[in-house]
Amino acid sequence: MSENFEPINPELVPKKKLRSGDEIPAIGLGTFGSDFYSKEEIAEAVKDAIRLGYRHIDCAEVYMNEKEIGQAIAEVIKEGTVKREDLWITGKVWNNHHREVEKACRKSLEDLGIGYFDLYLVHWPFPNHHAPGAPPDARNPDSKPFSVDEFMDTWKQMEALVEKGLTKNIGTSNMTIAKFEATLPHMRILPAANEMELHPCFQQPELFNYVVEKGMQPIGYSPIGSPKRPERDRTDQDAVDIEHPIVVKIAERLSVHPAIVCIKWAIQRGQIPIPFSVHRSKYYSNLANAIKDPLTEEEMEEMKKVDCNSRLIKGQVFLWEGARGWEDLWDLDGKIAQ
Ligand SMILES: NC(=O)c1ccc[n+]([C@@H]2O[C@H](COP(=O)([O-])OP(=O)(O)OC[C@H]3O[C@@H](n4cnc5c(N)ncnc54)[C@H](OP(=O)(O)O)[C@@H]3O)[C@@H](O)[C@H]2O)c1
């Protein structure tokens, strides 16, 4: 791992073109600190990461650190490292604000100290929410299964944000093919991107291909397999990407941490990884390695074998009374679970 933290020229970082024509950097920095890192540590990492060449930051109101990240952004703009338009800032409306999307968006923009988002997402397609730190088996009595009408009401508010100039692009997250099939035909502005769990042990080929075919850019969250995810998101069956023998073997060839193999694979496959870390050597190395030493064609082929359908972020806290289990959130039989 390089200890020479020479800033990376952002021009060297590949970009992906969205249907709007806007170009989004092919790697971003995650900002969800789980239960481990403080808002200040995360904001400090954002500031330093921008100085080191990151231009894409993945934010969300539910991460409860937008004010601190806003101060970090203000600082790097003030010192002249970047201009607002050099940055790609993604935001997300949380589940309890589906009926007041504009208010939530304006609050996030104010906290972040920016006039517009580059991309604003519906974080989850349900209005269901849970108390912070809720145990995995907690059920909120107000939770409901997915409703096309309710989602479309939320989406119309998202479309209005584009018209008001509050965001340049809108998108979805945690969707399924069944939910897209039921909602895409009713949209005036189609999603520019879909943020979804994507890492070598969870490649979601069917949804990935669907998203690409429909002209959406896949953004891959938990790209390293979220080794520090909260306890509530862990089960004994979960696969560990950075310990998989194929990933480890490629890492040895390149003399890098297996996390780097996950990132290279993601970029070469076509999704945009948004790895998280507050540790300089890690976030620097993720960016520095994104622009060199690609995996070979044979390695990319071998990486397909790593997929074992191991979903880590199951979302069980969003289940409604009467739901069978977390699988109901993901429409595994191709029908929207009710
Ligand atoms: N849309 C959604 O619903 C959703 C859901 C989940 C996540 N997200 C977004 O996706 C981002 C990333 O996901 P994530 O945080 O769950 O998982 P992740 O990026 O797969 O894993 C993060 C962990 O990987 C470790 N790591 C990072 N770079 C490394 C490197 N070069 N070498 C070794 N270890 C490394 C870090 O360990 P250390 O802590 O020890 O540095 C960090 O805690 C989040 O921060 C958030 O912005 C979105």
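Predicted model: local features only at pLDDT ≥ 70, side-chain atom pairs only at ≥ 80, totals over all residues.

**Tour of the model**

A: Let's start at Phe146, which sits in the loop between β6 (117-122) and α4 (148-163). Helices here are DSSP runs of H or I with at least four residues, strands are runs of E with at least two, and both are numbered from the N terminus.

Q: Which residues is Phe146 in contact with?

A: Leaving aside neighbours within four places in sequence, Pro125, Phe126, Phe151, Lys179 and Ile336. Contact means that the C-beta atoms, placed from the backbone, lie within 7 Å.

Q: New topic, the ligand. How many residues surround it, and which are the closest?

A: 29 residues surround the ligand, and the closest are Gly30, Phe32, Ile224, Ser226 and Phe276. To be near a molecule, a residue needs its C-beta atom, placed from the backbone, within 6 Å of it.

Q: What's the shell like by class?

A: The shell has 11 nonpolar, 13 polar and five charged residues. Ala, Val, Leu, Ile, Met, Phe, Trp, Tyr, Cys and Pro count as nonpolar, Asp, Glu, Lys and Arg as charged, and the others, Gly among them, as polar.

Q: Which helix gives the largest share of that shell?

A: That's α9, with three residues. Both α8 (258-269) and α9 (280-290) supply at least two residues each.

Q: How many of the α9 residues are buried?

A: Eight of its 11, so α9 is mostly covered by the cut-off above. Among the buried ones are Tyr283, Tyr284 and Asn286. The buried residues of α9 pack against β3 (29-30), α1 (39-51) and α8.

Q: Where's the annotated active site?

A: The UniProt annotation "active site", from an unreviewed entry, covers Tyr63. Such annotations may be inferred rather than shown by experiment; the position follows the numbering used here, and feature names are shortened. Tyr63 is in the loop between β4 (56-58) and α2.

Q: What does Tyr63 touch?

A: Thr31 and Phe32, not counting residues up to four places away in sequence. Tyr63 itself is partly exposed, with 18 other C-beta atoms within 10 Å.

Q: Last one: at what angle do α2 and α3 pack?

A: Helix α2 (residues 66-78) and helix α3 (residues 101-112) pack at about 45°, with axes 6 Å apart. That makes α2 oblique to α3. Angles under 35 degrees count as roughly parallel, over 145 as roughly antiparallel, 65 to 115 as roughly perpendicular and the rest as oblique. Axes are lines fitted to C-alpha atoms, for helices over the stretch in contact, and angles run from 0 to 180 degrees between N-to-C directions.

Q: And how do α3 and α4 cross?

A: Their axes come within 9 Å and cross at roughly 45°. So α3 and α4 are oblique to each other.

Definitions and conventions. Residues numbered from 1 in each chain as written. Buried ≥ 20, exposed ≤ 12 C-beta atoms within 10 Å, placed from the backbone. Contact = placed C-beta atoms within 7 Å.
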